[in-house]
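I opened this structure to take notes for someone who has not seen it before. The entries follow the order in which I looked things up.

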Amino acid sequence: MLHKWKQEFLYNFKSITYFLGINDTSLMVNPRIQHRPTICYRPIKPSDLETLERIHSDVFPIRYESEFFQSVVNGCDVVSWAAVDRSRPDGQSDELIGFVTARIILAKDSEIADLLRYDLSRVDQTLVYILTLGVVDAYRNLGVATALIREVIKYASSIPVCRAVYLHVISYNNPAIHLYTKMSFNCIRRLHGFYLINGQHYDSYLFVYYVNGGRSPCSPLELVTVIVRCMKTGLKSVAAKLMMAKVKWPKGNETRGPVLTQNKRMTNIECSGLEYV
């Protein structure tokens, strides 16, 4: 049986990812910061606990159990990155101004196992699932969230058996959708009624960023390519049949046109390259 906090942790996955990407859409300078920020990134540590809890409370509409935060700051089943501003005065140069948390899961046990092309014999292949992403109000629109996501991608790429980074975005969160699209994430599925917020259901988009050779079983582009290839093959086959056909003219004074008969030795046409999902 899962530990209580893990049960709550898994249960809250849908809610945790609600605000992913909403805090960062550009590299504009924020006029609310009176100094030129020097943003650096480091792992989250135990001393970040109080600030981490406060930012989660400000950014997300749900309450998290203390066990979740303990797992983040102590690196238990969760990987995380903090953004800090080294130029902040008054001894706050190491205080969190943003964060991202994620966890590693087995590809075969994930909800996107059917959307991945991977070696089924390799049971150790993994994915990185982004849990929470937040930036304090004064540091939004400075590219902090983009940089944090890049840290996750770099981390996932460093794991040879990892095949993708993925996350959920609520369907009306256009800034987040724009951000992930800009960062080359693929929107591969719409999940109807995925979120339940204040008694109302909302759809979710599933975004995936493939790493280390990971890819979808058959992307829309691949499907179009296969269809075009088959159409070209079919047209060439028809042309070949017409070229090889024998022309027979009717006897006598009949005015009918030539009669085409196919060569019986023609073989069946096969369409190769089509992959079945």
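How many disulfides does the structure hold? I looked for them, a disulfide being a pair of cysteine sulfur atoms within 2.5 Å, and the structure holds zero. Cys-40 is partly exposed at 25%, and Cys-76 is partly exposed at 40%.

**Ground rules.** I noted that this is a predicted model, in which local features need pLDDT of at least 70 and side-chain atom pairs count only at pLDDT 80 or more, while totals for chains, interfaces and linings use all residues. Residues are numbered from 1 along each chain as its sequence is written, and side-chain values use heavy atoms, with hydrogens and water left out.

**Confidence.** I read pLDDT as the predictor's confidence in each residue, from 0 to 100. The chain has a mean of 76, and 64% of its residues reach 70 or more. Over residues 1-29 pLDDT stays under 50. For that stretch the model has 89 contacts (heavy atoms within 4.5 Å) beyond four places in sequence. Residues 255-277 also stay under 50, with 30 such contacts.

**Strands.** I took helices (H or I, at least four residues) and strands (E, at least two) as DSSP runs, numbered from the N terminus. Two strands pair if DSSP finds at least two bridges between them. Strand β7 (residues 200-210) runs antiparallel to β5 (residues 162-170), joined by seven bridges. Here Tyr-166 stands opposite Val-208 of β7. Strand β6 (residues 186-197) pairs with β7 over eight bridges, again in the antiparallel sense. Cys-187 stands opposite Phe-207 in β7.

**Positive phi.** Which residue in the hairpin of β6 and β7 takes a positive phi? I found Asn-198, with phi near 55°, in a hairpin that has two residues between the strands. Asn-198 is exposed, at 81% relative accessibility. I also noted Ser-184, which has a positive phi of about 70° although it is not a glycine. Ser-184 lies in the loop between α6 (174-182) and β6, and is partly exposed at 49%.

**Salt bridges.** I used the cut-off of a side-chain nitrogen of Lys or Arg within 4 Å of a carboxyl oxygen of Asp or Glu. The structure holds ten salt bridges. One of them joins the side chains of Asp-94 and Arg-42 at 3.0 Å, N to O. Asp-94 lies in the loop between β2 (79-85) and β3 (96-106) and Arg-42 in strand β1 (residues 39-42), so the pair ties together parts that are 52 residues apart in sequence. Arg-42 is buried at 10%, whereas Asp-94 is partly exposed at 27%.

Next I looked at Lys-108 and Asp-109, whose closest N and O atoms are 3.3 Å apart in a salt bridge. Lys-108 is partly exposed at 44%, and Asp-109 is exposed at 57%.

The side chains of Asp-203 and Arg-190 form another salt bridge, at 3.1 Å from N to O. Asp-203 sits in strand β7 and Arg-190 in strand β6, so this pair ties together parts 13 residues apart in sequence. Asp-203 is buried at 17%, while Arg-190 is partly exposed at 40%. Last, I traced one network in which salt bridges that share partners join Arg-42, Lys-45, Asp-48, Arg-86 and Asp-94.

Definitions and conventions. Buried means under 20% relative accessible area, exposed over 50%, partly exposed in between (1.4 Å probe, protein chains only).
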